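Dear colleague,

I am handing over the structure we spoke about, with the sequence alongside. Please look through it first, and then read the notes that follow.

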Amino acid sequence: MPLLEVKNLSKAFGGVRAVDGVDFSLEQGELRSIIGPNGAGKSTLFKLLLGSIKPDKGKIWFRDRDVTRAEPHTRAHMGIGVKFQHLGVYGDLTVRHNMQLPLQHSLSGEAMDAEIARLLERLNLAGTEERRVAELAHGQRQWLAIGMALAMRPVLLLLDEPTAGMGPEETRETGSLVHSVHEEGVTIVVVEHDMAFVRQLGAPVTVLHYGRVFAEGSLAAIEDNEDVRNIYLGASRTMAVRSRRH
Amino acid sequence: MSVIQRPLALLVGPQEMGRTWYFWVGFVIVIGVGAAAPQYLGRFDLLNLANFLTSIFLALSLCLIWGFCGILSLGQAAFLGLGGYAYGVAGINFIESHGNTWAALGIGLAVPVALAAVLGFVMFYARLKGVYVAILMLVVTLLFETFLNQTAGQGWFIGDAHLGGNNGLGRFSGVIKRPPSFIFSEGGIKFLGKSYAFFYLTFGLAVLCYLGLRIMVNSKLGFVMVAIREDPERTEALGYDVRLIQLIVFCVSALLASMSGILYVSWGRFITPDVFGVYNNILPVIWVAVAGRKSLTATVIGTLVLVWMSQRLTETDYAFVVLGGILVGAMLLLPEGVITGIVDRSAGLRARLAARLRARA
């Protein structure tokens with residue numbers, strides 16, 4: 001049984017079918033990128049998996065349980081960790097207090113302090129504990145948002161555009177962080193439109209288009225798929241990819 | 001941490017101004033000056049001050065729900081009015097007839113909280129937010145005003161209490177029974193509205209509520225409240241049932257507002273449907289917004305100043321115009337509130353000065 005299984009998932013807003021009959025599954029320990037042009041339904045699918053919107057049709061199973069109607073907090077306790085497209089950190093609070101929010105479910109006192117220190121070290125944020133989050137650089141806030149999701153000790157980590165607004169060096173470090181978390185056995189879904197980052201991840205790719213699964217396969221297969229190139233990657237990008245391969 | 005150390009640590013937590021020793025020295029001085037008020041204030045001024053203090057609970061209730069949890073309610077006076085009416089009706093039936101103040105107090109607190117539980121459940125579990133909650137609460141409070149205004153007929157008795165239409169409970173005591181003040185038969189203690197004892201009761205309750213709320217906003221729950229204010233969707237994804245927490249905080253805020261109503265009725269021994277009106281619902285918004293909605297301390301100080309100012313201005317016809325002008329001015333110049341704005345800016349100035357001094361050294 002897959003860790004996550006989605007069957008015939010559909011969601012419409014007015015007359016627009018944002019997600020239209022999506023079938024999708026993830027095995028334990030898998031790393032998957034989801035790409036697609038603007039309006040493809042990536043963010044809606046992300047919100048359906050998170051639980052902040054409910055589908056019109058279809059089912060979602062997570063860890064053998066039907067979670068189609070489960071609220072986000074229930075899914076969080078079941079092991080779904082989330083990093084949103086928008087920053088999703090609390091600017092008025094310090095870094096420490098941001099980290100406390102996911103940790104205070106299970107830890108307190110010195111054990112919590114130790115876990116905060118461990119996570120911040122891993123996120124290159126050591127020494128920022130007492131700073132207000134609003135004072136951090138954009139990339140640091142993105143890492144903090146990922147760190148807060150990791151603090152929930154997720155089984156499945158959903159990352160929506162984790163490198164948005166980052167420079168090349170920060171993007172590379174974020175890729176390394178995603179790989180290291182994946183190596184620990186965490187299943188990860190990355191919703192992304194930055195193809196450079198998707199290539200860095202090198203993971204199997206699901207392509208969405210008009211709310212449907214348009215193509216699925218290895219990164220190389222997706223990049224070689226002419227239909228995908230036409231809808232998303234574009235001819236010039238294709239040329240560049242081919243020339244790099246040869 | 002021990003049972004005593006933990007609340008003390010929460011009192012000086014980061015969610016509220018006042019983490020320095022000089023703040024607490026000032027706090028003790030203010031308590032001392034307040035407690036000695038009967039020594040230097042005339043009877044009229046002391047009664048006025050007791051009345052001002054009853055407003056603090058309403059202001060704190062809005063500060064809690066709006067400033068810390070991000071839910072603007074334009075109908076907090078509904079809980080004040082309902083608490084006052086429930087206490088008044090119960091008081092006429094239980095205190096006057098049976099000397100049972102605790103029952104009247106319990107009913108005065110329970111009725112508004114029950115209403116908040118029902119309304120909050122409907123609003124928050126339906127995922128209403130923002131302006132919709134504000135408007136719904138305003139509609140609810142205006143419905144109460146409209147309903148109570150038409151209760152002048154002889155059919156509107158609850159036991160011995162006549163609701164009294166737009167005259168309210170106890171306005172014309174020759175015909176209608178007036179709601180009584182607190183009288184605790186156990187020790188023969190009376191808190192008659194015009195007494196020093198009532199002032200001390202109100203003052204003591206205000207201090208206790210302020211300190212209790214400081215502990216609350218610095219607790220784990222307080223941090224979650226702030227997180228909900230900043231980003232409810234994110235907070236839910238961190239494993240918190242945002243709807244339940246909003247409901248709990250809404251009920252606590254209703255409890256605080258109802259204390260204002262109960263104390264007000266006990267003080268003046270009357271209440272009219274006007275308390276549910278637009279004016280009484282906008283006033284606390286002005287107090288809290290002008291002072292600084294994200295701070296309990298600013299709310300208390302700002303409320304006392306603005307209530308005092310309102311009373312002075314009622315000698316003219318322009319009280320609400322002036323208060324509205326103050327609100328607009330404050331929103332334009334210091335949108336986070338005058339007191340919190342000044343405190344934040346002076347802290348920033350001090351930090352910059354310290355940095356310059358370090359750089360020179």
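**An enclosed strand and its partners**

In chain A, four of the five residues of strand β9 (residues 205-209) are buried, so this strand is largely enclosed by the rest of the structure; buried means that 20 or more other C-beta atoms, placed from the backbone, lie within 10 Å of a residue's own, and strands (E, at least two residues) and helices (H or I, at least four) are DSSP runs numbered from the N terminus. This is a predicted model, in which local features need pLDDT of at least 70 and side-chain atom pairs count only at pLDDT 80 or more, while totals for chains, interfaces and linings use all residues. Residues are numbered from 1 along each chain as its sequence is written, and chains are lettered from A and ligands numbered from 1 in the order in which they are written.

On one side of the pairing, β9(A) runs parallel to strand β3 (residues 31-35) of chain A over three bridges, where pairing requires that DSSP finds at least two bridges between two strands, and A:S33 stands opposite A:V205. With strand β10 (residues 212-217) of chain A, β9(A) pairs in the antiparallel sense over five bridges, and A:V207 stands opposite A:A215. These two strands, β9(A) and β10(A), form a hairpin with two residues between them, and A:Y210 in the turn has a positive phi of about 50°.

As for the whole of chain A, there are 10 helices and 10 strands, and 44% of its 246 residues count as buried.

Best wishes

Methods
Buried ≥ 20, exposed ≤ 12 C-beta atoms within 10 Å, placed from the backbone.
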